[in-house]
Amino acid sequence: MSVVPANHGNAQVAGGVGTAFNQTGVTDGSGAGVLNKGTDQASDNAIVEQASNGKVLADWGPQEIQNWLGLIGFGQMYGQHFYQHHIDGKAVVQLNPELAKEMGIISVGHRLTILSWIKKLQTINRQQWRSAMVFEGEEYRPGPFNNVLPFGFPFCFEMCTGKPAIYKVTNSKLSVVQNIKAVNFPFMGWCGFTTTVFTVDLSDVSDVDLTSGTACMGDPPAMLVVNSSKGPIFMILVNNMGDEVKTKIEQAKEEAVIQANMVLHGGAPADQIDDESVCEMEEVETEEMSRE
């Protein structure tokens with residue numbers, strides 16, 4: 001999809017459909033602002049969500065950048081600058097005072113504001129990435145004869161057997177949710193369950209071991225052992241899911257180690273880029289004013 005910001009006026013065209021921007025916000029084409037800069041109508045998250053078209057920041061193209069600029073009040077003023085310099089989601093998080101000035105953003109105040117918004121983009125995008133689900137499933141609890149008979153047979157109801165553990169793997173964490181009977185005795189599930197959640201950062205995982213097997217009948221379990229400084233986590237899964245889940249955890253672990261120190265898809269170290277850039281920009285502003 002091509003995005004061609006207009007050289008004059010408010011109109012910007014995406015795939016042949018005009019989207020108008022004004023100085024204070026994005027409009028629906030009628031000239032009425034949908035979201036104005038500086039208002040309390042939406043949080044930072046809502047602004048990013050509205051601009052993103054459902055994409056994470058790293059996948060933003062020119063249209064999402066134009067949406068974002070309009071929503072923060074700079075669509076008409078700087079939309080053309082960002083388009084001409086091919087600024088997409090991966091490039092926008094690497095902008096600094098010098099590059100912004102080179103793009104033609106002369107006003108120090110505007111550069112400060114845009115850089116501050118870039119910091120918000122980085123923070124929001126990192127939160128979204130960290131919480132994105134990689135795998136979610138239940139503990140596999142085979143019954144007698146490799147699950148030929150149901151688990152807990154002949155007392156198969158939850159009051160006796162308890163509830164299976166829930167496994168959740170995001171881009172940053174592995175969590176095991178366990179619902180344990182308040183009274184650990186047969187038929188005592190009616191006393192209620194206590195929920196415990198054990199969580200480990202994937203960047204802290206040392207290795208993932210898999211044990212699985214075959215049987216002449218039934219479906220034997222596969223056991224994953226995820227080792228970290230907190231100790232091992234045991235995940236009991238259906239046999240044919242063992243390799244797939246192991247691969248997903250290992251891939252997420254590798255990326256989590258990278259993201260522990262770097263902004264998503266490259267750039268300066270997380271939590272460092274914007275504060276340093278803002279301080280640097282303030283120093284430049286002071287120097288320029290003193291020269292004048």
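**Around Leu224**

Modeller: Happy to, and let's start inside: setting aside residues up to four places away in sequence, Leu224 touches Val208, Asp209, Leu210, Ile233, Phe234, Met235, Leu237, Gly242, Val245, Lys246 and Ile249. Please keep in mind that this is a predicted model.

Biologist: Which strand does Leu224 lie in?

Modeller: The chain has ten helices and twelve strands. Among these elements, the one that holds Leu224 is strand 11.

Biologist: Is Leu224 buried or exposed?

Modeller: A residue counts as buried under 20% relative accessible area. Leu224 has a relative accessible area of 0%, so Leu224 is buried.

Biologist: How far apart in space are Leu224 and Ser212, C-alpha to C-alpha?

Modeller: Ser212 sits in the loop between strand 10 (205–211) and strand 11 (221–228). Along the sequence, Leu224 and Ser212 are twelve residues apart. In space, their C-alpha atoms are separated by 8.7 Å.

Biologist: Which residues is Ser212 in contact with, leaving aside neighbours within four places in sequence?

Modeller: Ser212 has a relative accessible area of 44%, which means that this residue is partly exposed. Ser212 is also 25 residues from Leu237 in sequence, with 9.5 Å between the C-alpha atoms. Once the sequence neighbours are left aside, the contacts of Ser212 are Pro221, Ala222 and Asn239.

Biologist: Going back to Phe82, which residues is Phe82 in contact with beyond its neighbours within four places in sequence?

Modeller: In helix 3, Phe82 is buried, as are Gly75, Tyr78, Gly79 and Gln80. Leaving the sequence neighbours aside, Phe82 is in contact with Ile65, Gln66, Trp68, Leu69, Ile87, Val92, Leu95, Met103, Ile105 and Ile114.

**Helix 1 and helix 2**

Biologist: At what angle do helix 1 and helix 2 pack?

Modeller: Two packed helices are described by the angle between their axes and the distance between the axes. Here the axes are 8 Å apart, and the crossing is right-handed. The angle between helix 1 and helix 2 is about 140°.

Biologist: By class, what residues does the contact of helix 1 with helix 2 have?

Modeller: Helix 1 contributes Ile47, Gln50, Ala51 and Ser52, while helix 2 contributes Glu64, Asn67, Trp68 and Leu71. By class, the contact has four nonpolar, three polar and one charged residues.

Biologist: Is Asn67 buried or exposed?

Modeller: Asn67 has its place in helix 2. At 11% relative accessibility, under the 20% cut-off, Asn67 counts as buried.

Biologist: What is the phi of Asn53?

Modeller: Most residues other than glycine have a negative phi. Asn53 lies in the loop between helix 1 and helix 2, and is partly exposed, with a relative accessible area of 47%. Its phi is positive, near 55°.

Biologist: Where does His86 lie, and is His86 buried or exposed?

Modeller: His86 is not a glycine, although its phi is positive at about 55°. His86 lies in the loop between helix 3 and helix 4 (89–92). Because its relative accessibility is 67%, and over 50% counts as exposed, His86 is exposed.

Biologist: How far apart are the C-alpha atoms of Gln259 and Arg130?

Modeller: Gln259 is in helix 9 (residues 242–259) and is buried, with a relative accessible area of 3%. Along the chain, Gln259 and Arg130 are 129 residues apart. Their C-alpha atoms are separated by 9.2 Å.

Biologist: What percentage of the chain do buried residues make up?

Modeller: The chain exposes about 15,600 Å², of which carbon and sulfur atoms supply 54%. Of its 292 residues, the buried ones make up 38%.

Terms used: Residues numbered from 1 in each chain as written. Predicted model: local features only at pLDDT ≥ 70, side-chain atom pairs only at ≥ 80, totals over all residues. Heavy atoms only, no water. Helix = DSSP H or I, 4+ residues; strand = E, 2+ residues; numbered from the N terminus. Buried < 20%, exposed > 50% of the residue type's maximum accessible area, 1.4 Å probe, protein only. Areas by Shrake-Rupley, 256 points an atom, 1.4 Å probe, with all protein chains shown as cover. Contact = heavy atoms within 4.5 Å. Axes fitted to C-alpha atoms, helices over the stretch in contact; angles between N-to-C directions. Left-handed = near helix turned anticlockwise from the far one by under 90°. Nonpolar A, V, L, I, M, F, W, Y, C, P; charged D, E, K, R; others polar.
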